[in-house]
Amino acid sequence: MDRAHWNAAYCAGDRVSWFEAAPEASLRMIARAGLVPGRAIDVGGGTSALAGRLRGMGWEVTVLDISTTALDLAQERLGAGASQIAWVAGDITRWRAAVPFDLWHDRAVFHFLTTPEDRLAYANGLRAGLRPGGAAVIATFAEDGPERCSGLPVRRYAPEDLLSALGAGLRLEASERFVHVTPGGGEQRFQISLLRREKEQ
Ligand SMILES: C[S@@+](CC[C@H](N)C(=O)[O-])C[C@H]1O[C@@H](n2cnc3c(N)ncnc32)[C@H](O)[C@@H]1O
């Protein structure tokens with residue numbers, strides 16, 4: 001993964017293809033998880049409004065992103081509220097949580113991992129970074145979604161494929177399909193899944 005690529009992409013500000021004014025599908029799926037607000041991480045959160053929305057709901061939020069430009073922009077937009085969120089510059093295929101989270105959210109990050117090694121590293125990080133009983137809400141391009149994003153190839157998923165890519169110890173509880181309309185008016189088909197980390201026996 002390439003920090004320079006992502007920093008350059010964010011020079012487009014709100015014109016980035018993944019921009020959404022409100023993270024409605026994510027919030028809907030997070031509500032379905034039925035968790036009491038605790039510790040949440042938005043993996044590859046970029047400049048998404050989700051962190052601020054979760055913070056407002058009482059979550060203790062960490063945003064991890066490889067792009068320092070995105071993290072700077074996100075903090076600028078949140079103003080004083082930015083100090084209530086932890087901002088981490090890192091690569092999710094290498095970074096490990098010190099303490100597991102209750103909620104792991106990823107919109108349009110895992111689908112960029114096109115090698116088995118990177119997917120395995122992510123899956124291991126997810127297992128270590130999510131407490132038993134916690135929920136992962138992961139949105140990727142759907143099986144009939146775009147084949148590329150931000151000039152990079154992606155891997156597309158049906159919810160069941162996502163579950164098998166992330167390995168044992170997770171249960172698929174719910175999924176939805178939705179269409180994201182890019183700032184340029186293009187339509188992108190997504191799936192969003194709610195995966196529960198199973199309790200250890
Ligand atoms: C398509 S954007 C989605 C951003 C955000 N989740 C949203 O919905 O607005 C992908 C994001 O993942 C970040 N990213 C890409 N590869 C990453 C990696 N290996 N580790 C952490 N962040 C990464 C990018 O910098 C970018 O912010």
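Modeller: Of the contacts in the protein with a separation of 6 or more, 69% are between residues 24 or more positions apart. This is a predicted model, where local features need pLDDT of at least 70 and side-chain atom pairs count only at pLDDT 80 or more, while totals for chains, interfaces and linings use all residues. Residues are numbered from 1 along each chain as its sequence is written.

Biologist: What makes two residues count as being in contact?

Modeller: Their C-beta atoms, placed from the backbone, have to lie within 7 Å.

Biologist: How many helices and strands does the protein have?

Modeller: Six helices and nine strands, taken as DSSP runs numbered from the N terminus (helices are H or I, at least four residues; strands are E, at least two).

Biologist: Why is the protein called as compact as a globular protein of that length?

Modeller: Because its radius of gyration is 15 Å, close to the 17 Å that the globule rule gives for 201 residues. The radius is taken over C-alpha atoms, and the rule is 2.2 Å times the number of residues to the power 0.38.

Biologist: What is the order of the strands in the open sheet?

Modeller: The seven strands go S3-S2-S1-S4-S5-S9-S8, with mixed pairing. Strands S3 (86–89) and S8 (170–181) each have a single partner strand, so they stand at the edges.

Biologist: How do you know that S8 pairs with S9?

Modeller: Pairing takes at least two DSSP bridges between two strands, and eleven join S8 to S9 (residues 187–197), so the two do pair, running antiparallel. In this pair, Val181 stands opposite Glu187 in S9.
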